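Please look at the sequence and the model below before reading on.

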Amino acid sequence: MSSHPQEKRHFAPKKSASTTARKRSTTGPTASNHRRSGRTSTNASRPKVALQDQKVVIFNKPFDVLSQFTDGDGRQTLADFIPLKEVYAAGRLDRDSEGLMVLTNDGILQARLTQPQSKSPKTYWVQVEGAPTEADLQPLRDGVELKDGMTLPAQVVVMAEPEGLWERNPPVRFRAAIPTTWLAITIIEGRNRQVRRMTAHIGFPTLRLIRYSMGDITLGDLQPGEWKQIRP
């Protein structure tokens, strides 16, 4: 799938002065009133659409934003950033995680990116506390036993801090005497908080987690809160 934009990326508008500076506003009635609860549908309910009608959106989800379109507690959601109708999140990203989300009206694409049998790879940039050795990381490559069973083997590579990485808001809390390490972790599963549980299992807690890619779709140069449509 090509990731060339069909239109310019968008920024979320600012909220009024009565809210905190880091909050962004909703996009008004046209962008939010139509939202169904969560807007993360089952793949069976979203059939394949004709090529000319297909919509595929990539979004860089900021920290502390829910990966759904509605919330009864006033927290930020996708509706605060994305005004398009009839697109549904292909999988979720934890509120305390950042990075790539793919939204589409195509149930076949949604299934390909999220269903376990598709074995679609997802790569995360993961900042962990400590300095794991290759021996420390090997269990992740072999599979580790979590409470919900063995994980499938993951690809794990030590990497430099991603070039041009944005500052998180709020910043990550570090312990001054303990180093941190960036890892690129690729998995083909999608269990709840799986990557965080994997690194904790080997004794290196995750401090920051950014999803970089799903299948062959990558985050590219999108900044937090930006989105764009891509061509299939």
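How many residues does the largest nonpolar core have, and which of them have the most contacts inside it? The model, which is predicted, places 32 residues in this core. Ile 82, Leu 103 and Ile 185 are the members with the most contacts inside it. Several elements give two or more residues to this core: the strands β1 (56–61), β3 (98–104), β4 (122–129) and β8 (180–187), together with the helices α3 (134–142) and α4 (194–201). Another core, of 17 residues, lies apart from the largest one; Leu 100, Leu 113, Leu 222 and Ile 230 are among its residues.

The aromatic side chains come next. The structure contains two aromatic pairs. One of them joins Phe 59 and Phe 81 in a tilted arrangement, with 5.4 Å from centre to centre and an angle of 45° between the planes. Because Phe 59 belongs to strand β1 and Phe 81 to the loop between β1 and β2 (88–89), this pair ties together parts that are 22 residues apart in sequence. Phe 59 has a relative accessibility of 0% and therefore counts as buried. Phe 81 has a relative accessible area of 2%, so this residue is buried as well.

Trp 125 and Tyr 212 form an aromatic pair that is stacked, with centres 4.6 Å apart and 20° between the planes. This pair links distant parts of the chain, since Trp 125 lies in strand β4 and Tyr 212 in strand β9 (residues 206–214), 87 residues apart. Are these two partners buried or partly exposed? Trp 125 is buried, because its relative accessible area of 17% falls under the limit of 20%. Tyr 212, by contrast, is partly exposed, with a relative accessible area of 25%.

Arg 168 lies over the face of Phe 63, at 3.9 Å from the ring centre.

Finally, consider helix α2, which spans residues 107–114. Which residues of this helix are buried? They are Gly 107, Leu 109, Gln 110, Ala 111 and Leu 113. One of these, Leu 113, also belongs to the core of 17 residues. The buried residues of α2 pack against the strands β1, β2, β3, β4, β9 and β10 (217–218).

Technical notes: Residues numbered from 1 in each chain as written. Predicted model: local features only at pLDDT ≥ 70, side-chain atom pairs only at ≥ 80, totals over all residues. Heavy atoms only, no water. Core = buried A, V, L, I, M, F, W, Y, C linked by side-chain atoms within 4.5 Å. Buried < 20%, exposed > 50% of the residue type's maximum accessible area, 1.4 Å probe, protein only. Helix = DSSP H or I, 4+ residues; strand = E, 2+ residues; numbered from the N terminus. Phe/Tyr/Trp six-rings, centres within 6.5 Å; stacked < 30°, edge-to-face > 60°. Lys NZ or Arg CZ within 6 Å of the ring centre and 35° of its normal. Contact = heavy atoms within 4.5 Å.
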